[in-house]
Amino acid sequence: FADSGRVGTICRDHCIAQGLIMRACWDTMVFAPPFCITREEIDQMVTRARAALDATLADVKDEMA
């Protein structure tokens with residue numbers, strides 16, 4: 001992508017809209033769940049992350065080479 005870090009910011013915003021806190025390090029997304037996370041919470045986290053990634057793809061797919 002032309003602007004390094006922009007897509008990560010878009011994805012981070014979609015994560016927040018999904019109720020998921022993820023950190024964007026440029027265009028890389030970082031999970032930092034607690035050690036005491038349950039299987040149900042992991043499933044929920046992955047579902048929300050996938051929704052955010054799908055929304056990000058929809059936003060930027062026209063820019064992909």
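What share of the contacts in the protein with a separation of 6 or more comes from residues 24 or more positions apart? The share is 48%, where contact means heavy atoms within 4.5 Å.

1. **What you are looking at.** This is a predicted model, in which local features need pLDDT of at least 70, side-chain atom pairs count only at pLDDT 80 or more, and totals for chains, interfaces and linings use all residues. Residues are numbered from 1 along each chain as its sequence is written, and side-chain values use heavy atoms, with hydrogens and water left out.

2. **Overall layout.** You will find 2 helices and 2 strands in the protein, in the order α-β-β-α along the sequence. Helices (H or I, at least four residues) and strands (E, at least two) are DSSP runs, numbered from the N terminus. Along the principal axes, the C-alpha atoms fill a box of roughly 40 × 20 × 20 Å.

3. **Surface and interior.** The accessible surface comes to about 5,000 Å², and 57% of that belongs to carbon and sulfur atoms. Accessible areas come from the Shrake-Rupley method with a 1.4 Å probe, and for residues only the protein chains shown count as cover. Of the 65 residues, 22% are buried; buried means under 20% relative accessible area, exposed over 50%, and partly exposed in between.

4. **Helix α1.** This helix has 12 residues and reaches 17 Å from its first C-alpha to its last, close to the 16 Å expected at 1.5 Å a residue. The expected span is 1.5 Å times one less than the number of residues. Its buried residues are V7, G8, I10, C11 and C15. Seen down the axis of α1, they fall within an arc of 160 degrees, so they line one face of the helix; the arc is that of the directions from the helix axis to the C-beta atoms. This buried set packs against β1 (23–25), β2 (28–30) and α2. On the face turned away, look for the exposed residues I16 and A17. After α1 comes G19, with a positive phi near 80 degrees.

5. **Helix α2.** The 22 residues of α2 (residues 39–60) should span 32 Å, and the end C-alpha atoms are 31 Å apart, which agrees. Buried here are M45, A49, A52, T56 and V60. They cover an arc of only 65 degrees around the axis, which puts them on the same side of α2. Their cover includes α1 (6–17), while the face turned away from the buried side carries the exposed residues R39, E40, T47 and R50.

6. T56 is buried, at 5% relative accessibility. A polar atom of the T56 side chain lies 2.8 Å from the backbone oxygen of A52. Leaving aside neighbours within four places in sequence, T56 is in contact with V7, I10, C11 and H14. R48, also found in α2, is partly exposed, with a relative accessible area of 27%. Not counting residues up to four places away in sequence, R48 touches Q18, G19 and L20.

7. **Cysteines.** How many disulfides does the model have? The count comes to 0, a disulfide being a pair of cysteine sulfur atoms within 2.5 Å. For C25, the nearest cysteine sulfur is that of C11, 12 Å away. C25 is partly exposed at 31% relative accessible area, whereas C36 is exposed at 65%.

Technical notes
Buried means under 20% relative accessible area, exposed over 50%, partly exposed in between (1.4 Å probe, protein chains only). A polar contact is a pair of N or O atoms within 3.5 Å; within protein, one must be able to donate a hydrogen and the other to accept it, and residues adjacent in sequence count only if both atoms are side-chain atoms.
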